[in-house]
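Open the model in your viewer and keep the selection tool ready. Each stop below tells you what to pick and what is there.

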Amino acid sequence: MPITRDEVAHLARLSRIALSPAELDHLAPQLDQIITAVAQVQEVAAEGIPPTSHATGLTNVFRDDEPYVCLTPKQALDQAPAVEQQRFKVPRILGED
Amino acid sequence: MPAELTRMTAAELSAALATGEVSATEVTQAHLDRIAAVDDRVHAFLHVAADQALEQAATIDTEHRRGTRRSPLAGVPVAVKDVFTTIGLPTTCGSRILEGWHPPYDATITTRLKQAGAIVIGKTNMDEFAMGSSTENSAFGPSHNPWDLDKVPGGSSGGSAAAVAAYEAPLAIGTDTGGSIRQPASVCGIVGTKPTYGGSSRYGVVAFASSLDTPGPFGRTVLDAALLHEAMSGYDPCDSTSIDAPVPPVVAAAREADVSGMRIGVVTELSGEGYQSGVLSRFAEAVELLESLGAKVTEVSCPHFKYALPAYYLIAPSECSSNLARFDAMRYGLRVGDNGDRDAEEVMALTREQGFGAEVKRRIILGTYALSSGYYDAYYGKAQQVRTLIIRDFDAAFGQVDVLVSPSTPTTAFALGERADDPMAMYLADLCTIPSDLAGNAALSVPCGLAPENGLPVGLQVMAPALADDRLYRVAAAAEAAFTGRWGHPLLAEAKGLLS
């Protein structure tokens, strides 16, 4: 199933990447080619084969809930693009209305 | 003296440091001088840690004078891929989005290297967020293959491989998600290992595909790689996928170097069309050599390996699309377009547009597609089933043989620019290495000669079951000893130009 330029634009929005029209023109046919190639997995993956999400077989790894020395607020905020009153300062997250 | 120090292996440096014949400061300075002399042409390093390295070396020298020796690697320089967090040094992952970022903590492996007394000499170049097979996806320009500066050094850990091949460091660490240690090792003519998944800690390794990412060592000899493998590995409670088991006896296996009686399987499917003729002829020679050393060689079929590449290019992008969501311009890293009018989502999208390169965007979008409702079952779900089939192929194969072998990558180093804008051609570089990543077992690449048609190095891949990493070193060390005996010198001695 081919992937269209509009679909790639939609996926870019979902991915929070403001692709330029030129990039969309370039990426859409490449993604179409890649998706056609990777669709081969559908040839062999028959019903009843269990999926593998990771190979170690580990499940539910917990640690004891004990206090330990962690980053200070100064260390945590040291690399922030903007800081105010010992907090990360971010652009507004709600719309006007 | 300084020029010779850079030609010594880590094992030789370790011995010379132990007797006090050389100091850690001398060894470190010699490598810093070598970097200063050649790295403008190789571009293996993104950051050279001269001051920190000399400071560390002075500490080690003081300890040695007092009779304390931390480990065999005390005073030996190690180059670190720029994906491992390092206090006091930038960690960019080859990306503009992390340019100038100074992580507030050390990766567990960084800590272990420091505790072992190894000297962190700098951070090496890589494909952005470890996505690529050539280092051409680095936002800071590609590294060059020391054998031929117009060729790629492989990737994504190409800077680490190039640094070791160019004698800028005796050892380096990288990460392997689809072949990012073995493929660069192969095309640079050195040794590189992907340990068993969970055998080396991912804590402080900036995540690309968490179910696949595996840190591992590079060295110019099998023993050197084993020494670093042992020093960096082992259980880490900070990594929830870390395996709580002893590190396999890799150094002992590298010293034994004995394959007599071992059952070695040649993978039928990792050969034939698409493989360079010189790669196949050198591989065939390596197999004959192992047989002459007493190994029992058979051909083994792994019928689902041909689906490994497509499965990987669904699983890895899916995981990356989720992992790289953390680069949201809010808490660290680049922030673009925050003019007071735009909302957080717009700033995020502008930042990610400017901060990520083309391959990273391709994979995030591909992963978003594979995970989106309506396509999840057809793509990500099917890929996970294929992963099961590949594990079953390995299980069946390891029921018959102790290790599997194949070429490490289908071709020798390709030219810079040749595949840069052809993603499918680039992805084929990982054809032989991806199965072991999907299965989480252990594999390494060891040099097995030069392709007659272009004089560039070819790698032999050895694959072993999970937690049997020692078998890799046993086979590779035996092959290395026999090959070196036949050639009369290590393979790197045949390189011309920069390396002569």
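This is a predicted model: local features need pLDDT of at least 70, side-chain atom pairs count only at pLDDT 80 or more; totals for chains, interfaces and linings use all residues.

**Start with chain B**

Chain B has an average pLDDT of 97, and 99% of the residues score at least 70. The model has an ipTM of 0.95 and a pTM of 0.97.

Switch to a cartoon view. You can find 17 helices and eleven strands in chain B. Its radius of gyration is 21 Å, close to the 23 Å from the globule rule for 500 residues, so chain B is as compact as a globular protein of that length. Of the 500 residues in chain B, 64% are buried.

**Select strand β2 of chain B**

Pick residues 77-81 of chain B, which form strand β2. Are they buried or exposed? Five of the five are buried, so the strand is largely enclosed by the rest of the structure.

Now show the side chains. In a regular strand, side chains alternate between the two faces of the sheet. Look for that here: B:P77, B:A79 and B:K81 point one way from β2(B), while B:V78 and B:V80 point the other way. Both sets are buried.

Click on B:K81 to find one bridge: its partner in β3(B) is B:T124.

Next, centre on B:A476. Leave aside its neighbours within four places in sequence. The residues in contact with B:A476 are then B:V191, B:V222, B:L444, B:V446 and B:V462.

**Step into a loop**

Follow chain B past α11. B:D328 sits in the loop between α11 and α12 (344-355) of chain B. Is B:D328 buried or exposed? The cut-off for buried is 20 or more other C-beta atoms within 10 Å. B:D328 has 20 C-beta neighbours inside that distance, so it counts as buried.

B:D328 and B:P423 are 95 residues apart along the chain, and their C-alpha atoms are separated by 26 Å.

**Bring in chain A**

Show chain A now. Four helices and two strands make up its secondary structure. Trace them from the N terminus: the order is α-α-α-α-β-β. How does its radius of gyration compare with that of a compact globule? A compact globule of 97 residues would be near 13 Å, but chain A has 22 Å. Its C-alpha trace spans about 55 × 45 × 30 Å along the principal axes. Buried residues account for 21% of the 97 in chain A.

**Finish where the chains meet**

Show both chains. Here 44 residues of chain A are in contact with 56 residues of chain B. Colour α1 (5-14), α2 (21-38) and α3 (41-44) of chain A: each supplies at least two residues of the side that touches chain B. α2(A) gives the most, with seven residues. Last, colour that side of chain A by class. You get 28 nonpolar, twelve polar and four charged residues.

Note on methods. Residues are numbered from 1 along each chain as its sequence is written. Chains are lettered from A and ligands numbered from 1 in the order in which they are written. Two residues are in contact if their C-beta atoms, placed from the backbone, lie within 7 Å. The radius of gyration is taken over C-alpha atoms; the globule rule is 2.2 Å times the number of residues to the power 0.38. A residue is buried if 20 or more other C-beta atoms lie within 10 Å of its own, exposed if 12 or fewer, and partly exposed in between; C-beta atoms are placed from the backbone. Ala, Val, Leu, Ile, Met, Phe, Trp, Tyr, Cys and Pro count as nonpolar, Asp, Glu, Lys and Arg as charged, and the others, Gly among them, as polar. pLDDT is the predictor's confidence in each residue, from 0 to 100. Two strands pair if DSSP finds at least two bridges between them.
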